[in-house]
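Here is a short note for someone opening this structure for the first time. Please read the points in order.

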Amino acid sequence: MTTQSLAEDREIRRITLGHKLNRWDMKVSPYLYISPFFVLFILTGLFPLLYTAYVSVFDWHIIGGQGEFAGAGNFEWVLGQDKFWVALRNSFSIFLISAIPQVILALIIAAILDQNLRAKTFWRMGVLVPYVVAPVAVALIFSNMFGDQYGLVNNALGRIGIDPVGWHSQVVPSHFAIATMVNFRWTGYNALIFLAAMQAVPRDYYEAAMLDGANRIRQFFSITIPSLRPTLIFVIITSTIGGLQIFDEPRMYDTTGAGGASSQWLTITMYIYNLGFGPAGGGQFGRAAAAAWLLFLIIVVVGLINLAATRTIATSGSRSSK
Amino acid sequence: MSKSRRTTAVAAIAGAAAFALLAAGCSSSATPGADDEVTELTLATFNDFGYTDEMLAEYTELTGIKIVHNKAATSGDARTNYFTKLGAGSGLADVEAVEIDWFAELLQYSDKLYDLSNDEVADRWVQWKTDAATDADGRLIAYGTDIGPQAICYRSDLFAEAGLPTDREEVAAMIDGDWDTYFAAGDEFVANSDAAWFDSSGAILQGILNQEEETLESTDGEIIATTNPVVEDAYNTVLDASPELSAQLSQWSDDWSAGFANGAFATMLCPSWMLGVIEGNAPEVEGWDVANVFPNGGGNWGGSYLTVPAQSEKAEAAKAFADWLTDPEQQLKAFVSTGNFPSQTSLYEAEELLTVTRPFFNEAPTGEIFSDRSAAIEVAPYKSVNYFPVMDALQNAITRVDVDKTQDADASWDQFVTDVEAIG
């Protein structure tokens, strides 16, 4: 009798312990599983962000370190620099020249890849090859091709009787050349994302459209594009953030990496880098930090505009589908 | 309850990590000099100093100290690394190479560098090289490696086509004089040739300014570039000559590199280290030669130093190592392997240096030529903290007119003035 009651007791206790662990597991584990991301984010994302804000209100030299408290002085100084505004203009210009054709081209490529092609995998992998090439290598090759006097592109233009273009000396051509590098690298990547989304579109829609007599182009605009809306939004947002932070390509566009004699292709991230680490007038961490925070604010504003636009598109989309 | 405990734990971890980062950033430099049993030293250089593995192995054999050699690809990379870690207070090599262009910027933090003064080596280098490495308190903080005495490199094949003399003695006689003589020879050349006379207006400007004592900054630390008649004269001289004589290339650009092989220009200012650049850019071109002459006397362009950061825990051993590396014997080997011309005066009469020739340049006796060119250097321009940024702005001003052709000389000068105001 007693032994039996003891055993029963133990049984119950065992269950409660397991129960507890189970409940803990349910409650805590999910957070533990995602915690590495947040711990890393705090260390490599949040801490530098806040520390940059701290640096931005001081006179701070790369070697001399922390100097006197400057308040908003660094921000005022940066906003008063012509170069800052030129760099901002260049960043937006390169972003627009690269992002718009890139998304359109990626859509077209994805639509073609979505057809019944022979050796599908080969073509699909093929568009991703430029993405695998290191951006610095891409920039080296392209900046050579876009040489003002001895470049391949100007050579070819000369053959067909067009005057050489000042790819490095003029503002718009230099942006175009840099945008070409960006597009070379990212178009295929975006095309694959679009392709994945296109393949998720139910084939019945197309069959129905075909029965109604819609041709391929009509199908593309009336079925494919509307179904891609969430993917389009994703691609546009990521390319906006990437576009405003563009650095590798313009920095490698000439050997000095200073953005041209009259800052033709100086982007905002290059401006920050040059203020902080550049050989000419660098080492000004306080001012560089202030410029970095200004860029952060600009990206937040652009992000909010994007979000607003996204919501409008999404709601109008759901309305139209009703 | 459990939730709040978790957040405190995360906060504690983050806080600890942040503190660790800060602590790492401010770790104090250990007292130098107390090096018992140094078994390994680190050396950081850039480009090619000519310090070969065999040479470093020799030092290991001599002293038993193993040398770890890190090479940065460019001087700019080395600068970024140097400045960042000097500010952080740790992470630099025991012996760090510095280029003359950013040396002045470093000089203002000379208290972070180990004092290398030593009576035994005081007379090792050309005087102006040592002067530039001595800080305000009279401490010698760097040992000179190479210098860049300038000659004129020219294409004898293009000279022949234009009916100019091709022999290097005759070419030297033709150019010998001031800058006007050099430009006049250029006028004669371009009248009979499709090629330009010189590669880049920016290079010529650099050549002219390197012959003046006070150019961009006054010796009391003011930026005088925009008001100094010397600078404005040089600017106008160069841009007056540019339309006729310049190949209108921007130095170090892809076009400039391609210009060597395409025969875009016939002469260029040629510091000793430029020989390697020419050879690398135009290996197939036959006809490059060096003339023992430079407009208006002599001039130096470039060169480097070795420093020992005070943060090194083996500073005394590092000092001895830097001493050994910049010893004439080692620098001679470096010259033979790379063409970096030594700053050590005792070598200028040495047989081994004077007999060095360079096959690519039509067997030119480069040892002898650059010895002479080094002796012709009379002044070293005063360079301080703002020299490099102001020079960069001035070069940009030249580029806008000469290469980009986006502004005329006056407008570009005005922008230069604005740019310089932003530096101050």
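**Notes on the model**

1. Domain contact in chain A. 4 residues of domain 1 of chain A are in contact with 7 residues of domain 2 of chain A; contact requires C-beta atoms, placed from the backbone, within 7 Å. On the domain 1 side, 2 residues are nonpolar, 2 are polar and none is charged. Nonpolar covers Ala, Val, Leu, Ile, Met, Phe, Trp, Tyr, Cys and Pro; charged covers Asp, Glu, Lys and Arg; the others, Gly among them, are polar.

2. Basis. The model is predicted: local features need pLDDT of at least 70, side-chain atom pairs count only at pLDDT 80 or more, and totals for chains, interfaces and linings use all residues. Residues are numbered from 1 along each chain as its sequence is written, while chains are lettered from A and ligands numbered from 1 in the order in which they are written.

3. Domain layout. Domain 1 spans 2-56 and domain 2 spans 74-321 in chain A; the bounds come from an automatic or database domain assignment. Their centres, over C-alpha atoms, are 42 Å apart.

4. Chain B overall. The C-alpha trace spans about 90 × 55 × 40 Å along its principal axes. Of the 424 residues in chain B, 47% are buried (20 or more other C-beta atoms within 10 Å of the residue's own, with C-beta atoms placed from the backbone).

5. Why does Gly298(B) count as buried? Because Gly298(B) has 20 C-beta neighbours inside 10 Å. Leaving aside neighbours within four places in sequence, its contacts include Pro149(B) and Arg373(B). The C-alpha atoms of Gly298(B) and Asn210(B) are separated by 9.1 Å, at 88 residues apart along the chain.

Definitions and conventions
Two residues are in contact if their C-beta atoms, placed from the backbone, lie within 7 Å. A residue is buried if 20 or more other C-beta atoms lie within 10 Å of its own, exposed if 12 or fewer, and partly exposed in between; C-beta atoms are placed from the backbone.
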